[in-house]
Amino acid sequence: MTLTTAQPVPARQAPPTRTARAALLASAALTLMAAAIIAPGLPAMSEEFADTPGGGLLVRFVVTITSLAIAVSAPVSGLIADRVGRRSLLVSGLALYAISGTSGFFATDLYVLLATRALLGVAVGGIMTAVSATITDWFEGARRASFLGLQQAFASLGGVVFLPLGGILAGVDWRAPFWLYAVSAAVAVLAFTALREGQRGGHGTDPAAGQTPLRGRPPQHSGTSRIVGVYLLALVTTLAFYMGPTQLPFLLQDFGSGPGVVGAVVAGSTLSGTLGALAFPYLRRRLATTAITAVSIALLGTGWLLVGAAGTVVHVLAGMLVGGTGVGLVVPNLNLRLSELAPVGRRGRVLSGLVTGIFLGQFLSPLALQPLIHAAGLAGAFTWTGGAMAAGAALVGLSTGLARQARVPACPHARDRSHPTPTTPITRNELRKGSTLMIHHCVRFTIKPGTTPAQLEDALASLRNQGEVIPSVRSFLVGRDHGGEYEWGATFEIADLEGYWEYLIHPAHRRTDEIGLPLVDKFVSFDITDDLDPETGDKIAALHRRRYDADPGLTELVSNLNQYEGSAAPGPHAA
């Protein structure tokens, strides 16, 4: 990441209407069931196309080619979302969904049917990307987490409703389930009338674009590596979870269960996924992103361990319910994480990568796990996969605990910043023993009367997000301020002045200013460093002054505070 003067953020949009929110959630409900809704009709479809060369194998691809098309086309959808707009992508995707989905009813050639299924995948990729990007544009903090949880809950509910309907219609005629895709036409009309194209921060502009790095500091790439890490986690998690729908029918055959029982068990995991998604906003207010990741992976691993050790169908169902809850948590959590990491002008492209990771995991699951199934059997494959997921969750939890232990305590009170000068001089070399020089940037503040709990939670969540996404922040702490006149506080550990500048101008910091400063009554900002250079304080003040000079909007926000103390305080607060 490179550095420059402060970047203004786009103006916040007007709150979305209830109709607009309903259109988005209805769109989300169409995504999870898209590929599998016709699965119950596959045996009859195989008989219909028995004369087609390789028909027995190609019919199986009628389901999986949709997932592959979603994975391949999603990055293009992300580019369209950023360049053209979310609304245009969503409405077009919904229209294509209805056309390509219902076309299967009329297809008399297997290759034509496969082509329509691939187009359906393109439509789903566009819908999922547009929905996630729009939610990210609409909301911040706790409200974003809440709506992302609703998105996943409605996606799961769509599976609960449409998958059983597909099975019932397939019992009448294998072509009948294709008509369920026509629901998308009504949702497209709703989206077209209810949604408006909003600001996206420019056409593909990256806040880092065109910036000139300060001398002596290499460009930062940890943001990109974190995004890629989220993609990989989504792929691996989905690859493991999709053992349920792809391998469970064969496992339950050993218990003498028929298709109806299989459908009920799979639907149970989808329903528990809905409950997990609804619980996500509650957990997000209490746990960090990495902690929720560990919990969700642990639930999935525990569920698969239960399935592997199951002696009855009830035990299998219990394992699927636990595993489904984990997936219901992990998807909105990863979506939220990417929304925090994504630059404003690239949100569509960044979020589309999650769609690719999820559906590529679905497509690869049967292929990747076949060697394990061949070696350990179906039950053994569930056991080994569950053990690996549980071990991964334990590793994430351990690394998170070690990171917390490594963090330094919060900054002392502002009034305690003065310390007696040591009688014995301390040399720079002595100071470096066992540690490196660093800066602790600290803020303390009280909130204006009348601030709602949701507003406060958004501001605190944005402060925590700074610590998570700004590369130069080594550790951070946000919480209650005890023993003084202030109510809340935060501290951020930064390595040096160039990292400090990166922290000051990062879009995540600017977003916190925009959300939080209008809620603040009294505010103090100060820094503690073990750098003995007597000019360090002046250098820090110069960075703040440079930031204020480059951003009149920020200067106005700070000037409007009732009380402010800090380096290079602007406007009426200047010393």
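**Strands, helices and burial in a predicted chain**

User: Which residue stands opposite His 441 in β4?

Analyst: His 441 stands opposite Asp 527 in β4. The model is predicted, with local features needing pLDDT of at least 70 and side-chain atom pairs counted only at pLDDT 80 or more, while totals for chains, interfaces and linings use all residues. Residues are numbered from 1 along each chain as its sequence is written, and side-chain values use heavy atoms, with hydrogens and water left out.

User: How do you know that β1 and β4 are paired, and how do they run?

Analyst: Two strands pair if DSSP finds at least two bridges between them, and nine bridges join β1 to β4 (residues 520-529), so by that definition they are partners.

User: What makes β2 and β5 edge strands?

Analyst: The open sheet has five strands in the order β2-β3-β1-β4-β5, with mixed pairing. Strands β2 (473-480) and β5 (563-565) each have a single partner strand, so one side of each is left without a neighbour in the sheet. Neighbouring strands here are turned by 10 degrees against each other on average, direction ignored. Helix α18 (residues 536-550) packs on this sheet and touches β1, β4 and β5, its direction making about 140 degrees with that of β4. Such angles run from 0 to 180 degrees between N-to-C directions, the axes being lines fitted to C-alpha atoms, for helices over the stretch in contact, and contact itself means heavy atoms within 4.5 Å.

User: Why is β1 called largely enclosed?

Analyst: A residue is buried under 20% relative accessible area and exposed over 50%, and partly exposed in between (1.4 Å probe, protein chains only). Nine of the nine residues of β1 (residues 439-447) are buried, so the rest of the structure largely encloses this strand. Both faces are covered, with Val 443 and Phe 445 among the buried residues on one side and Cys 442 and Arg 444 among those on the other.

User: Why does Thr 274 count as buried?

Analyst: Its relative accessibility is 4%, so Thr 274 is below the limit for burial. Thr 274 lies in helix α10 (residues 259-284), and, leaving aside neighbours within four places in sequence, it is in contact with Ala 153, Ser 156 and Leu 157.

User: What caps the N-terminal end of α16?

Analyst: Asp 496 does, through a side-chain oxygen 3.3 Å from the backbone nitrogen of Glu 498. A polar contact is a pair of N or O atoms within 3.5 Å, where within protein one must be able to donate a hydrogen and the other to accept it, and residues adjacent in sequence count only if both atoms are side-chain atoms. Seven of the nine residues of α16 (residues 497-505) are buried, so this helix is largely enclosed, and Trp 501 and Leu 504 are among those buried.

User: How many helices and strands does the chain have?

Analyst: It has 19 helices and five strands, where helices (H or I, at least four residues) and strands (E, at least two) are DSSP runs, numbered from the N terminus. Of the 575 residues, 52% count as buried.
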